[in-house]
Amino acid sequence: MTADLKKKRLQALIFYTVLFILSVIGIIVTTFIGLTLNPESPEVPNLMVFQAMMFILAFFTGMEAWKYYNIKIPEIRLIELIKCSGCGYVETRMPKKGDYVFKKVGKCLKCGGELYIESILREVKNVKAGR
Ligand SMILES: [Zn+2]
């Protein structure tokens, strides 16, 4: 699910960034065209309307790209705490399918006691920082 969100975010980011760059190029190109045109020419006012539209487009796509750039998708992963009933040795690992709390998972390498799953935790990384 997290990977899916990441993909969508990246697609939106690319989409708005490309639009932003295109509209900036549009502004630059129309500015150059405007410079080569005679200011008395009737073409100039039309070009300015076009430029204003490009500018608005650049502004909004820039804002959208920035917004998507700043979205932090929380990365949630599960970790398991495995504890030895004999010596209290603790280790963590990625949960496997079918794991549950208090499930016995083997023998302790240190003391030969029973290893069991003490808890399954959700670890959240990359939480959006408040501004
Ligand atoms: Zn032990």
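Two strands are taken to pair if DSSP finds at least two bridges between them. Helices (H or I, at least four residues) and strands (E, at least two) are themselves DSSP runs, numbered from the N terminus. With these terms in hand, the chain can be followed from one end to the other.

The structure is a predicted model, in which local features need pLDDT of at least 70, side-chain atom pairs count only at pLDDT 80 or more, and totals for chains, interfaces and linings use all residues. Residues are numbered from 1 along each chain as its sequence is written.

The chain has two helices and four strands. Their order from the N terminus is α-α-β-β-β-β. A residue is called buried if 20 or more other C-beta atoms lie within 10 Å of its own, exposed if 12 or fewer do, and partly exposed in between, with C-beta atoms placed from the backbone. Of the 131 residues in the chain, 7% are buried. Two residues are in contact if their C-beta atoms, placed from the backbone, lie within 7 Å. Among contacts between residues at least 6 apart in sequence, 61% join residues at least 24 apart.

Helix 1 covers residues 2–36, a run of 35 residues. Its first and last C-alpha atoms are 51 Å apart, close to the 51 Å expected at 1.5 Å a residue; the expected span is 1.5 Å times one less than the number of residues in the helix. Which residues of helix 1 are buried? They are Tyr-16, Phe-20 and Ser-23. An α-helix has 3.6 residues a turn, so residues three or four places apart point the same way.

Ile-27 also belongs to helix 1. Because 18 other C-beta atoms lie within 10 Å, Ile-27 counts as partly exposed. Leaving aside neighbours within four places in sequence, Ile-27 is in contact with Gln-51, Met-54, Phe-55 and Ala-58. The C-alpha atoms of Ile-27 and Phe-50 are separated by 8.5 Å, although the two residues are 23 places apart along the chain.

The four strands form an open sheet in the order 2-1-4-3, with antiparallel pairing. Strand 2 and strand 3 are the edge strands, each pairing on one side only. From one strand to the next the twist averages 35°, where axes are lines fitted to C-alpha atoms, for helices over the stretch in contact, and angles run from 0 to 180 degrees between N-to-C directions.

Strand 1 (residues 75–84) and strand 4 (residues 114–125) run antiparallel and are joined by ten bridges. Within this pairing, Ile-76 has Val-124 of strand 4 as its bridge partner, and Ile-79 stands opposite Leu-121. In a regular strand the side chains alternate between the two faces of the sheet.

Strand 1 also pairs with strand 2 (residues 90–93), in the antiparallel sense and over four bridges. Here Glu-80 stands opposite Arg-93, while Leu-81 has Thr-92 as its bridge partner. The hairpin of these two strands has five residues between the strands, and in it Gly-88 takes a positive phi near 85°.

The bridge partner of Lys-104 is Tyr-116 in strand 4. Six residues lie between the strands in the hairpin of strand 3 and strand 4, where Gly-112 has a positive phi near 80°.

The loop between strand 2 and strand 3 (104–107) holds Phe-102. Most residues other than glycine have a negative phi, and most peptide bonds are trans. Phe-102, though not a glycine, has a positive phi of about 75°. Is Phe-102 buried or exposed? Phe-102 counts as exposed because it has 8 C-beta neighbours inside 10 Å.

Asp-99 lies in that loop between strand 2 and strand 3 as well. With 15 other C-beta atoms within 10 Å, Asp-99 is partly exposed. Not counting residues up to four places away in sequence, Asp-99 touches Glu-80, Ile-117 and Ile-120. The C-alpha atoms of Asp-99 and Ile-120 are 8.8 Å apart, with 21 residues separating them along the chain.
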